Amino acid sequence: MIVAERKPIEEIVEQVKEVRSLLVLGCNECVTVCEAGGKKEVGVLASALRMVFLQQNREVNVGERTIERQCDTEYLEEIRDMIDSYEAVVSLACGVGIQFTAERYPTKPVYPGVNTCFMGAALERGVWAERCQGCGSCILASTGAVCPVARCAKRLLNGPCGGSTAGKCEISKDVECAWQLIIDRLKALGRLEEYERLSPIKDWSTDRAGGPRKIIREDLRS
Amino acid sequence: MRLGYPSSIRIIRVPCTGKVDVLHILRCFERGADGVTVVGCREGDCHYQTGNFRAKKRVEQAQQILERIGIGAGRVRMCNLSSSDAPLFVRFAQEMHAAVLSAGPNPIRTARRERRAGTQVPGVELPA
């Protein structure tokens with residue numbers, strides 16, 4: 001899922017300091033799962049904002065709505081009837097949803113209510129870790145399903161480097177060495193000979209290096 | 001036992017403190033409550049295993065939010081007791097009452113009243 005963190009409330013208040021009515025818009029997908037921008041967080045933020053505005057002696061109408069996905073036009077259409085009642089939107093979706101809401105409603109200011117962080121997994125309740133960087137050319141088949149692009153600080157394709165000590169990365173003792181994980185995993189799978197094979201130079205044009213990316217599937221287009 | 005506790009306190013019954021959400025606590029303050037105490041079973045004695053631990057976390061979350069928005073973290077607290085421990089409940093109730101008296105009225109209630117009246121309303125207005 002896309003993992004996001006709630007923005008400090010002071011930052012959101014600063015963003016909307018000129019606004020007299022705003023819609024706090026949540027998203028039912030990834031940000032709900034990582035407890036940053038679902039229906040509950042919408043309620044909490046809206047309640048907190050109302051209390052802040054009251055103390056600032058500002059009359060601000062704060063509305064709440066959570067839609068299925070902010071990255072799909074069909075769900076964004078659901079707010080068309082109500083959006084004109086508000087001067088601005090604070091979106092608790094990931095960066096994709098925030099931008100897509102803004103694209104869909106070009107005259108409406110849309111402010112971010114979260115910081116979108118990474119694509120990751122929940123290690124336990126309240127702990128998320130990055131697992132994928134969407135490089136566009138997956139090499140997990142040869143690395144025992146441990147991604148060195150996302151999990152190695154240097155994104156090494158043939159590792160580990162000299163900074164790996166006792167299974168930890170030199171950048172922090174809390175960061176596991178991705179290549180140690182790859183070796184351990186290949187060993188457990190009985191495929192350690194694959195580690196000996198050098199990875200060829202990766203085509204990074206499918207990563208961000210090739211600029212903003214787009215996928216077009218003609219078989220699905222209408 | 002017929003023990004008394006401050007009459008300013010209103011009891012809202014929930015099936016388990018695990019039911020209490022941050023939003024419930026915030027809504028209390030939004031509607032003008034001066035303080036909120038979440039009273040759960042003793043730690044380790046939850047009938048639903050972890051309800052009171054969940055509540056404890058949520059109280060901490062609510063405290064963080066309330067501190068940031070100028071209401072004050074001290075207005076919400078969690079306490080744990082056995083359902084038969086009336087004297088302890090009374091003690092917690094009195095402590096919370098005293099804490100709220102010293103913190104003064106909920107700034108939201110004051111702000112709302114000021115807005116309605118167009119004047120400033122000073123003073124602590126809690127029942128004795």
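Arg6(A) stands opposite Val114(A), a residue of S6(A). In this predicted model, local features need pLDDT of at least 70 and side-chain atom pairs count only at pLDDT 80 or more, while totals for chains, interfaces and linings use all residues. Residues are numbered from 1 along each chain as its sequence is written, and chains are lettered from A and ligands numbered from 1 in the order in which they are written.

Strand S1 (residues 2-6) of chain A runs antiparallel to strand S6 (residues 114-124) of chain A, with five bridges joining them; strands are DSSP E runs of at least two residues and helices are H or I runs of at least four, numbered from the N terminus, and pairing requires at least two DSSP bridges. S6(A) also pairs with strand S7 (residues 127-132) of chain A, again antiparallel and over five bridges. Here Met119(A) faces Cys132(A) of S7(A). Two residues separate S6(A) from S7(A) in a hairpin, and Gly126(A) in its turn has a positive phi of about 85°.

Turning to chain B, Val22(B), Ile25(B), Leu26(B) and Phe29(B) of H1(B) meet Arg58(B), Gln61(B), Ala62(B), Ile65(B) and Leu66(B) of H2(B), where contact means C-beta atoms, placed from the backbone, within 7 Å.

The two chains also meet: 16 residues from chain B and 13 residues from chain A make up the contact. On the chain B side, helix H1 (22-30), helix H2 (51-68) and helix H4 (107-117) each supply at least two residues. H1(B) gives the most to that side, with six residues.
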